[in-house]
Amino acid sequence: MTTMASELDDDETTITAGARFPGLVDMHCHLRLPPRPDEQSERGLAAEAHVGGFRVVVVHITPAIVDRISMTSAQQALQHHGIEGVTLLAAVDGIAGDELADIASAFGAAPPSMPRVVRLPPHKDTVLVRRVLETARACDALVIAEPLDVTMAEGAVAFEGPIATRLGLAAMPDAAESIAVATLTELVRVTGARVHFAGIATGRGLALVETALSEGLDVSASVHATHLLLDDTALLAHRYDTRLRLHPPLPRASDRSMLVEAVRRGIVTISTGHRWVPQRERDLEIDKATPGARMLMATLPALRTVFDDSVLQEALSLRPAALLGIVPPAPVTFSDVPVSFAATEALFGLRGRGRLIQRIDDE
Amino acid sequence: MSDARSLDDMGPERLSVRHLRAIEELTRPDVDLLLSTALGFSEVNARALKKVPTLRGRTVALMFFENSTRTRLSFELAAKRLSADTLSFSATGSSVAKGETLLDTARNIEAMRPDMVVVRHASSGAPYMLSRVMSGAIINAGDGQHEHPTQALLDAFTLMVRWQRSVAEGLQGKTIAIVGDIGRSRVARSNMLLLPMLGAKVRVAGPAPMLPAALSQSFPVEVFADVDDALLSGGGVDAVMMLRIQKERSQSPMGSDADYAHAFGLTGERFAKLRRMKPDAVVLHPGPINRGVEIASEVADDAASLILAQTENGIAIRMATLYLLALQAGHA
């Protein structure tokens, strides 16, 4: 038995009930290496993953891992400062600046057993994106793409709609996502690469993913936990609160319903989209604040208010593990799991309100 | 306009809000109270001695992170006519230019203990941010693309004075067109809430890229793609509010200023057509105006133009705002 206490909180959150889950797998979280003094460390991230029940986490690292040297450095940091029982996988960046990263070289520095993952952030150069997919396919790597059109999505705080219009927020059209999904899907057709769309946020993007799946293309998709818990009505309720600045922005309510249903139907999996945002980057105007939410600890308990455990086991463990080509992590028995998380507490409840203590038994 | 509250009459009526951050936070009684109080102050402004001791000993901080002429001078004069001390801040030449954050600037201004803070900022929601960290009343003097509530109040006030409407009558039965860059305009947003609240029907028109698709879902307005339809259909509008193209925020959607003037500007010819249908039609513009672009000089300088009356009435509206928020905080 391991008793974990978050090194970051003083929460006295009451935790009740118990559950047994396969170890969870997160395909999309963010970390800066080395962290600045007020940022989350690799150990802090691993600790939160452990508390949240995650045993394998794909980490999108800043600055980008683009070659053997940066991969070696990242692996050393993650292993040296990690926590037993939690595997942090560094994703290789597909594009370094405006150049193709040295993907094969970077994978050469990783243990052979490590799943090969290429990160593909939004990029405006479709020719370069095609080369990333071709290279990833040659390396037998899974591409985890953030499907957003760079120019349409730039600076957006919300999706276009009545709420963004009412609040005067910079907004992106749904097409910012659907154009990117359509483009990448076509490139999957051309290159034969395996692509996972991380952070789908619109019904239109979802429909395109379903179409691609029905055509037998090797694509998959995940939705960030935040986007299953909250929609843009939260922007009205918590006006200009920078904790609601997310990337992609929160979906409209009708889109959130479609995303939730897609998880239930097994069309998409769930990722945390976890990104620690230091307070100095939160204490800014909403259009200048860094997007992100701290979700590794909150994802499972919060989502238990939305989904049955069987759905969560599939969407947070079994299917992500299959996409990464790994055996699902050994089951974890939570001695105590919060079962009545209010949706907004996922964002607001875990900071500065005491000490979150959760006991976890690894089997 | 009637229903003025003289200074002697000003009793215990209070606003329902601590801050004036947005029109959408105001109730109709709040708006009526602001308008009737402003009418009282407009009488003060007509006197030879224009100063009253209402806010003596109080401090009003003017935090302008964006350029402003009318609004800034108007608030400053309003505060001075109420005998308040003013603390003036502009981003240019301040610590902001050296990289200080809005929050840190606010904390430093807060340390000087202002009773009220007037803020203009390029980011939507900046007044909400300040109201979380400052103890004084926050007054929004324009935040990004969100709202400019005192501008809408002075616009409504100006129309009601012109049309000799009582506060109770409001703008019932009147139709007002707002033309220009609706999507980026905080003035439009505040007016699209306030004018319907006072009973007016509101039409909006502008180039397609300046009309958000969700506009009619967000506000009780009728959207027109064609400016002539907006001005002339249904017997014509009673007032036209022209907005400037905000070139500092985006490129013009039209090929040139001349093209814009032809397609969407209030030209002499276009206004003459409206006058034939509505002889008493009036023109508003929040300023600064771009002559020959969104409004022709002959229209801007016409007797039907209320542009200078807007500027004058802005002082009374801002005096009312400062006074009522001070009253709410127990400072007046």
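Predicted model: local features only at pLDDT ≥ 70, side-chain atom pairs only at ≥ 80, totals over all residues.
Trainee: Which residues in α4(A) meet which in α7(A)?

Mentor: On the α4(A) side they are T126(A), V129(A), R130(A), L133(A), E134(A) and R137(A), and these meet T183(A), L184(A), L187(A), V188(A), V190(A) and T191(A) on the α7(A) side. Sorted by class, the contact of α4(A) with α7(A) consists of 6 nonpolar, 3 polar and 3 charged residues.

Trainee: Staying in chain A, where does A164(A) lie?

Mentor: A164(A) is in helix α6, which covers residues 162-167 of chain A.

Trainee: Is A164(A) buried or exposed?

Mentor: A164(A) has a relative accessible area of 3% and is therefore buried, the cut-off for that class being under 20%.

Trainee: What is A164(A) in contact with, leaving aside its neighbours within four places in sequence?

Mentor: With those neighbours left out, A164(A) is in contact with A158(A), F159(A), L169(A) and A171(A). As for E146(A), which is 18 residues apart from A164(A) along the chain, the C-alpha atoms of the two are separated by 22 Å.

Trainee: Switching to chain B, how many helices and strands does it have?

Mentor: Chain B has 12 helices and 9 strands, and its C-alpha atoms fill a box of roughly 55 × 45 × 35 Å when taken along the principal axes.

Trainee: What radius of gyration does chain B have, and what would a compact globule have?

Mentor: For 332 residues a compact globule would have a radius of gyration near 20 Å, and the 19 Å of chain B agrees with that. Of these 332 residues, 59% count as buried, and among the contacts in chain B between residues at least 6 apart in sequence, 73% join residues at least 24 apart.

Trainee: Which strand does T175(B) lie in, and what does it touch?

Mentor: T175(B) lies in strand β5 (residues 175-179) of chain B, and, not counting residues up to four places away in sequence, T175(B) touches K201(B), R203(B), V237(B), D238(B) and A239(B). With a relative accessibility of 13%, T175(B) counts as buried.

Terms used
Residues numbered from 1 in each chain as written. Chains lettered and ligands numbered in written order. Heavy atoms only, no water. Contact = heavy atoms within 4.5 Å. Helix = DSSP H or I, 4+ residues; strand = E, 2+ residues; numbered from the N terminus. Nonpolar A, V, L, I, M, F, W, Y, C, P; charged D, E, K, R; others polar. Rg over C-alpha atoms; globule rule 2.2 N^0.38 Å. Buried < 20%, exposed > 50% of the residue type's maximum accessible area, 1.4 Å probe, protein only.
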